[in-house]
Amino acid sequence: MTIRIRPATLEDEEGVVYLLEQLFEPPGGLPPDYTRERSSAAFRWAVEQRNADVLLAFDGDTAVGLTSVYADIQSLGFGPKCWLQDMVVDKERRSEGIGGLVMAAAETWARAHGLTHIELSSNSGRVDAHRFYERQGFRRANAFLKWLG
């Protein structure tokens with residue numbers, strides 16, 4: 001297996017949406033008011049921004065993993081933050097080391113953008129994902145979410 005990771009281009013949208021929608025499968029759930037149109041607009045925005053990227057893992061021509069990364073707020077106490085979102089590996093390819101490669105690429109991206117740390121949130125039911133994040137050196141912290149609608 002040779003996995004190659006690169007920033008997504010607009011031509012990668014179909015593969016990104018395929019992977020992204022796997023996040024909605026149990027133990028996840030469909031976000032309120034989710035539409036593919038909203039997802040497509042967010043994807044295009046992230047690809048076109050200087051301070052954001054969608055990092056895609058490929059096996060040959062097939063997208064097998066992704067995460068989105070954003071140069072986020074300048075925390076008064078912690079410095080400039082990388083927000084990591086949408087971490088997913090194709091359900092047929094999990095436990096092959098692809099997630100670790102994607103996370104390493106996210107860390108490289110964050111350092112290249114002068115960011116001091118990475119934060120992410122994860123649904124409380126994603127026990128396997130939490131173990132993965134801890135193996136990658138993340139520590140648990142509380143976060144709260146309120147949908148506005």
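1. Tyr 133 and Phe 138 are both buried, where buried means under 20% relative accessible area, exposed over 50% and partly exposed in between, with a 1.4 Å probe and protein chains only. This is a predicted model, in which local features need pLDDT of at least 70, side-chain atom pairs count only at pLDDT 80 or more, and totals for chains, interfaces and linings use all residues. Residues are numbered from 1 along each chain as its sequence is written, and side-chain values use heavy atoms, with hydrogens and water left out.

2. Ring pairs join Tyr 133 and Phe 138 with Phe 132 in a cluster. Rings of Phe, Tyr and Trp (its six-membered ring) pair if their centres lie within 6.5 Å, and planes under 30 degrees apart count as stacked, over 60 as edge-to-face and the rest as tilted.

3. Four aromatic pairs are found in a search of the whole structure. One of them is the stacked pair of Trp 45 and Tyr 70, at 6.3 Å centre to centre with 25° between the planes. Trp 45 belongs to helix α2 (residues 36–48) and Tyr 70 to strand β3, so this pair ties together parts that are 25 residues apart in sequence; helices (H or I, at least four residues) and strands (E, at least two) are DSSP runs, numbered from the N terminus.

4. The largest nonpolar core has 21 residues, and those touching the most other members are Val 69, Cys 82, Leu 84, Met 87, Ile 98 and Met 103. Such a core is a set of buried Ala, Val, Leu, Ile, Met, Phe, Trp, Tyr and Cys residues joined through side-chain atoms within 4.5 Å. Helix α3 gives this core its largest share, seven residues.
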